[in-house]
Amino acid sequence: MGVAAGSSAPAGRASARVYPPPVLPARGTAELVFLPADRVRVALLHALGPVARRLVRDRELRVALVGALAVGAALLATLLVPWWLLALGPVVLGVPHILADVRYLVVRPAFHKRWGFWLLVAAPIAATWSGAGLRAGALGVAGAALIARGASWWKRALVVAFAAALCAVAWWAPWWTDLCFAHAHNLVALALWWAWRPHATRWHLLPLALFVLALALLAAGGLEPLVYRSDLFWSAPQGLDATVQVPWLASRVPGEWALRLTLSFAFAQSVHYAVWLRMVPEDDRGRDTPRTFAASWRALVADLGRPLLALTTLATLALVAWALFDVAAARDLYLRTGLFHGHLELAAFVLFALEGARRARPAA
């Protein structure tokens, strides 16, 4: 998924599928708007000297460091201000990360150009807005297996059987399965990133190892003596303190395990946002060197169009403005309207796996 045209994947790994580059808008306004930010970045890179040259040229090292920093920042925020993290993360980053889902899981691989995608994947997943949850999402997963191109019949059958079993369990215990999926979908994003493109080095293992280690420490309570007695740890926005969020994310989980599970979710969700907003975009480009901010904006416009970008920008600003008055209501609105995205990620994972190609297109 991230190999430029004319390059080859490492031995033993599937080669990338290469798509035609998007037609980018003409240069102009974007350069003027983003020029200050681009100049600051160039100055920082010059200040770093040889280190910067290595980071610019070596995408795998750069993405690994971004991922490691994201894991570290997510862990620190989880230990210091977890309830604020759970409240404000969805409000500020929720809509942009859903936009990234649509861009990289639907538009870039051109699934939106298949009628079967809309009928058998998008339509069932959209039913999650009615409260169908994983019951509808499982149907979207089965639909993904049916429309996958080049997949053998037995692989399709296995996925459809898995989706049918998932749907049956969801009908039997809808609340429990939706709660479990809310936790699990953060891991689906990491799995998608890991498989996004062939890797020539092992740098990608660094953020994955740090993530697993941090998650294990949170789940085992290994960091409890450091933070749980701090007043800062228990600070929270009105209506979203521990007495609200722990029962919501870890209902019926006994004792201290409920708090640990909630903190694990806060941490994994934050890394989930970093995957879609920084790590996948870096790996999806065909070239190894990073774009300027202006070029990134023009590529975004080319992929999604100005109307959709304007709409999502307004939605994000509206959520943030609402949160200034009622953060609990703003977050709940996002969660109700954005819950489909986890099911979309799972369906896309199935499509990528069955079609057997990592997706990438040359950068413009």
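These numbered points describe a predicted model of a single chain.

1. Overall make-up. The chain has 364 residues, and 50% of them count as buried. Its secondary structure consists of 16 helices and two strands. Among contacts with a separation of 6 or more, 82% are between residues 24 or more positions apart.

2. Helix α3. This helix covers residues 59–80, which makes 22 residues. From first C-alpha to last, helix α3 reaches 31 Å, close to the 32 Å expected at 1.5 Å a residue. At its start, a side-chain oxygen of aspartate 58 comes to within 3.2 Å of the backbone nitrogen of glutamate 60.

3. A nonpolar patch on the surface. Which residues form the nonpolar patch? They are Trp84, Leu88, Val92, Leu93 and Val320, and together they have about 350 Å² of accessible area. Helix α4, residues 82–107, gives the most to this patch, with four residues. As background, residues three or four places apart in an α-helix point the same way, because the helix has 3.6 residues a turn.

4. Valine 92, a member of the patch, has its place in helix α4. Its relative accessibility is 41%, so valine 92 counts as partly exposed. Threonine 316 lies in helix α15, residues 306–338. Is threonine 316 buried or exposed? Threonine 316 is buried, because its relative accessible area is 14% and the cut-off for buried is under 20%. Leaving aside residues up to four places away in sequence, threonine 316 touches Val91, Val92, Val95 and Pro96.

5. Arginine 108 and its two partners. The count of salt bridges comes to 14. In one of them, the side chains of aspartate 284 and arginine 108 meet at 2.6 Å, N to O. Aspartate 284 belongs to helix α13 (residues 255–284) and arginine 108 to the loop between α4 and α5 (115–126), so this pair ties together parts that are 176 residues apart in sequence. Arginine 108 also meets aspartate 303 in a salt bridge, at 3.6 Å, N to O. That pair links distant parts of the chain, with aspartate 303 in helix α14 (residues 293–304) and arginine 108 in the loop between α4 and α5, 195 residues apart.

6. Aspartate 284 and arginine 108 are both buried. For arginine 108 the relative accessible area is 6%. Aspartate 303 is buried too, with a relative accessible area of 12%.

7. The side chain of arginine 114 meets that of glutamate 355 in a salt bridge of 2.8 Å, N to O. Glutamate 355 lies in helix α16 (residues 340–355) and arginine 114 in the loop between α4 and α5, so the pair ties together parts that are 241 residues apart in sequence. Both glutamate 355 and arginine 114 are buried. Elsewhere, salt bridges with shared partners join Arg62, Arg278, Glu282 and Arg285 into one network.

8. Two backbone angles to check. Most residues other than glycine have a negative phi. Alanine 110 has a positive phi of about 65° although it is not a glycine. Alanine 110 is found in the loop between α4 and α5. Arginine 252 is not a glycine either, and its phi is positive at about 70°. Where is arginine 252 found? Its place is the loop between α12 (242–249) and α13. Arginine 252 is exposed, with a relative accessible area of 69%.

9. Leucine 232 and valine 81. Leucine 232 lies in helix α11, which covers residues 231–234. With 44% relative accessibility, leucine 232 counts as partly exposed. Leucine 232 and valine 81 are 151 residues apart along the chain, and their C-alpha atoms are separated by 6.6 Å. Not counting residues up to four places away in sequence, leucine 232 touches Leu80 and Val81. Of these, Leu80 falls within the residue range of helix α3, 59–80.

Terms used
Residues are numbered from 1 along each chain as its sequence is written. This is a predicted model: local features need pLDDT of at least 70, side-chain atom pairs count only at pLDDT 80 or more; totals for chains, interfaces and linings use all residues. Side-chain values use heavy atoms; hydrogens and water are left out. The expected span of a helix is 1.5 Å times one less than its number of residues. A polar contact is a pair of N or O atoms within 3.5 Å; within protein, one must be able to donate a hydrogen and the other to accept it, and residues adjacent in sequence count only if both atoms are side-chain atoms. Patches are made of residues with over 30% relative accessible area and no salt bridge: like charges are joined within 9 Å, nonpolar side chains (Val, Leu, Ile, Met, Phe, Trp, Tyr) within 5 Å. Accessible areas come from the Shrake-Rupley method with a 1.4 Å probe; for residues, only the protein chains shown count as cover. A salt bridge is a side-chain nitrogen of Lys or Arg within 4 Å of a carboxyl oxygen of Asp or Glu. Buried means under 20% relative accessible area, exposed over 50%, partly exposed in between (1.4 Å probe, protein chains only). Contact means heavy atoms within 4.5 Å.
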